[in-house]
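Grab your viewer and work along.

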Amino acid sequence: MEKERPTWSSRVAFILAAVGSAVGLGNIWRFPYIMGQNGGAVFLVVYLGLILTICFIPLFTELTIGKITKKECIGTYEQISPKLKFLGFLNPFTGVLISSFYFIVGGWIINYIYLGIKNAQISNYESYFGTFVQNPVTPCIFTILFLFICIYYAGRGIKKGIEFANNVLMPVFAVILIILTLFSLSLPNAHLGLEYMFKPDFSKLNVHMFLAALGQALFTLSIGMGALLTYGSYIGEDKNITKTTYTIIFSDTFFALTAGIMIFPAIFSFGLEPSSGAGLVFITIPQIFAQIPHGNIVSVLFFFLLFAAAVTSGISIIEVPIASMIERCKITRAKACTILFFIIGIISIPATLSFGILGNYTIFNKNIFDFLDFITSSMLMPINALCLCLLGGWFFKIKGKDFIQNKFLANIFDIGLKYVVPIILAGLLYIGLN
Ligand code: PHE
C-alpha cells in the first residue's frame with residue numbers, strides 16, 4: 001500500500017501524462033485505417049464534429065470526478081452507494097481487456113523495429129505479416145515483452161515511472177512524427193493523399209460512419225475506462241481542468257491529423273490502397289519503406305514512433321487496475337504490478353493465438369482479438385462513459401457555471417452532461433447491439 005496518495009509533480013507533468021494517455025495507437029494505427037475504411041474525408045468531418053461538440057463533456061467530467069474524489073474507480077462509485085461498486089469495477093475490468101489486445105499490437109511493433117534494425121529484406125509484407133501473426137510463439141513473446149515494459153514504468157510509480165516515460169517518449173514521438181510527415185509530403189503525388197483526407201464526398205455519409213467515429217473518438221481520447229479519472233485523482237490542488245481538457249482534445253486531434261498527413265500522401269504516392277484495414281500500418285506502410293533508399297532507417301523511426309505512443313497509453317491503461325488493486329486490496333504497487341502482469345499475460349495469450357491456432361474459435365462471429373476490441377470500444381467504453389456522465393451530472397452535480405463564464409454556454413454544458421451526451425451514448429449502444 002502506498003503510504004500517501006501520490007500526486008503529479010507539476011501541472012506540465014500532469015498534462016503530458018494525460019496527453020500521453022490519449023495519443024497512442026488510436027491516433028496512428030486505428031485512426032488512419034478506420035478513416036480509410038469509412039470513406040476518407042467525409043469520416044473526418046463527422047469525427048471532428050463529434051470531437052469538437054460532445055467529447056469535451058465526458059472528458060472534462062471524468063477528470064473532474066477523479067480530482068474531486070481522489071479515489072480510484074471502484075471507490076468513486078462506492079462513495080455514491082456501495083450498490084454501485086460493480087459499475088466502478090467495470091473500469092479496471094475494461095482496462096484489463098483493452099490491454100490484452102492493445103499490447104499484442106505493441107508486440108507487433110517491437111517485432112517491426114527489430115526487422116528494421118537487422119535490415120531484413122522482405123519482398124511480400126502481406127504474406128510476411130500473415131505468417132508472423134499465425135506463429136504460436138514469437139508474437140506471444142513480443143506481447144509479453146511490451147507488457148513488461150509498461151508494467152516496469154507503471155511499477156516505478158507516478159513520478160519516477162509514469163512521468164519519466166512521458167517526459168522522454170512524448171517529445172521523441174513529436175519529433176519523429178514531424179520528420180516523417182515532412183518526408184511523406186515531399187513524395188511525388190503527395191497532394192492526392194491530402195485530397196483524400198480533406199475533400200469530403202458527402203454521398204458516402206451513413207449511420208455506421210457516426211458509430212465508427214464516436215467509438216474512435218472515445219477510444220482515442222481515453223474516455224470511458226477510468227484512465228482519466230485515475231490520472232485526475234493524482235491532481236493536487238488548483239489545477240485548471242478546463243485548460244487541460246482543451247489541451248488533450250487539441251493535441252490528440254492534431255496528432256491524429258498529422259498521422260493521417262504522414263500516412264495518406266505516402267500511400268497515394270505509391271499507388272496503394274487506403275482502405276486495407278488493420279493491416280494498413282503493418283502491411284501497406286512497410287511496402288513503402290521497402291521501396292525507398294534507407295527505408296530500414298525510416299522504418300525503425302516509424303515503428304519507434306508507434307512504440308513511444310503505445311507505451312505512454314499502455315501505462316495509463318494498466319494504471320487503472322493497478323490503482324484499484326493498491327487501494328482496494330491494500331497491497332504494494334510492486335505486488336499489484338506483478339499480479340497484473342500475470343493476469344494480462346494470461347488473457348493476451350489466447351488473443352495472440354486467435355490469428356493462428358485459435359483462429360477457428362469465435363465469439364459472436366469474431367476471433368478473440370476482434371471480440372476484445374469490439375466489446376471494449378463499442379460496448380464497455382460507451383457504458384462507462386454514460387455512467388460517468390450520469391454520475392457527474394446527477395450525483396456530483398458538476399455545473400457549467402463553476403468554470404464557464406458565459407451563462408449560455410454554461411447552460412449548454414449542464415444540459416449536455418445530464419441529458420444529451422447520455423442519450424447519444426445510449427443510442428450508440430442500442431444501435432451497436434442491433
Ligand atoms: N487513447 C489511447 C490511444 O489512442 C488508448 C486508450 C484507451 C488509453 C483507453 C487509455 C484508455 O491509443
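**Exercise 1.** Which element gives the most to the lining of the largest pocket, and with how many residues?

*Solution.* Ground rules come before the answer. The model is predicted, so local features need pLDDT of at least 70 and side-chain atom pairs count only at pLDDT 80 or more, while totals for chains, interfaces and linings use all residues. Residues are numbered from 1 along each chain as its sequence is written, and side-chain values use heavy atoms, with hydrogens and water left out.

Step 1: On a 1 Å grid over the protein atoms alone, a pocket is an open set of points with protein on both sides within 12 Å along at least five of seven lines, a cavity is a set where a 1.4 Å probe fits but cannot get out, and lining residues have an atom within 4 Å of a point. Points are joined across faces, edges and corners, and a volume is the space filled by probe spheres set on them. Helices are DSSP runs (H or I, at least four residues), numbered from the N terminus.

Step 2: size up the site. The largest pocket holds about 840 Å³ of space. It has 31 lining residues, and Arg 30, Tyr 33, Ile 34, Gln 37 and Asp 373 are the closest to its centre.

Step 3: sort by element. Two or more lining residues come from each of H2, helix H7 (125-134), helix H11 (207-220), H17 and helix H18 (407-433). H17 is the top contributor, with seven residues.

Step 4: sort by class. Count Ala, Val, Leu, Ile, Met, Phe, Trp, Tyr, Cys and Pro as nonpolar, Asp, Glu, Lys and Arg as charged, and the others, Gly among them, as polar. The lining then splits into 16 nonpolar, 10 polar and five charged residues.

**Exercise 2.** How many salt bridges does the rule give, and which residues do shared partners join into one network?

*Solution.* Step 1: the count is six.

Step 1: take Arg 333 and Glu 319, whose side chains meet at 2.9 Å, N to O. Arg 333 is in helix H16 (residues 333-353) and Glu 319 in helix H15 (residues 295-329), 14 residues apart. Both are buried.

Step 2: follow the shared partners. Glu 72, Glu 78, Lys 85 and Arg 328 are joined into one network. Within that set, Glu 78 bridges to Lys 85, with their closest N and O atoms 3.6 Å apart. Glu 78 is partly exposed at 26% relative accessible area, and Lys 85 is partly exposed too, at 33%.

**Exercise 3.** Is Gln 216 buried or exposed, and what does it touch?

*Solution.* Step 1: Gln 216 belongs to helix H11, and it is buried, at 1% relative accessibility.

Step 1: Leaving out residues up to four places away in sequence, Gln 216 touches Gly 26, Arg 30, Phe 31, Ile 34 and Tyr 47.

Step 2: look at the Gly 26 side of things. The Gln 216 side chain reaches the backbone oxygen of Gly 26 at 2.9 Å.

**Exercise 4.** How many cavities of 30 Å³ or more are there, and what lines the largest cavity?

*Solution.* Step 1: there are three, and the largest has a volume of about 140 Å³.

Step 1: its lining has 16 residues, with Ser 21, Tyr 102, Phe 219, Ser 222 and Ile 317 nearest the centre. H15 gives the most, with three residues.

Step 2: by class, the lining of the largest cavity has nine nonpolar, seven polar and no charged residues.

Note on methods:
Salt bridge = Lys/Arg side-chain N within 4 Å of Asp/Glu carboxyl O. Buried < 20%, exposed > 50% of the residue type's maximum accessible area, 1.4 Å probe, protein only. Polar contact = N/O pair within 3.5 Å; in protein donor to acceptor, adjacent residues only side chain to side chain. Contact = heavy atoms within 4.5 Å.
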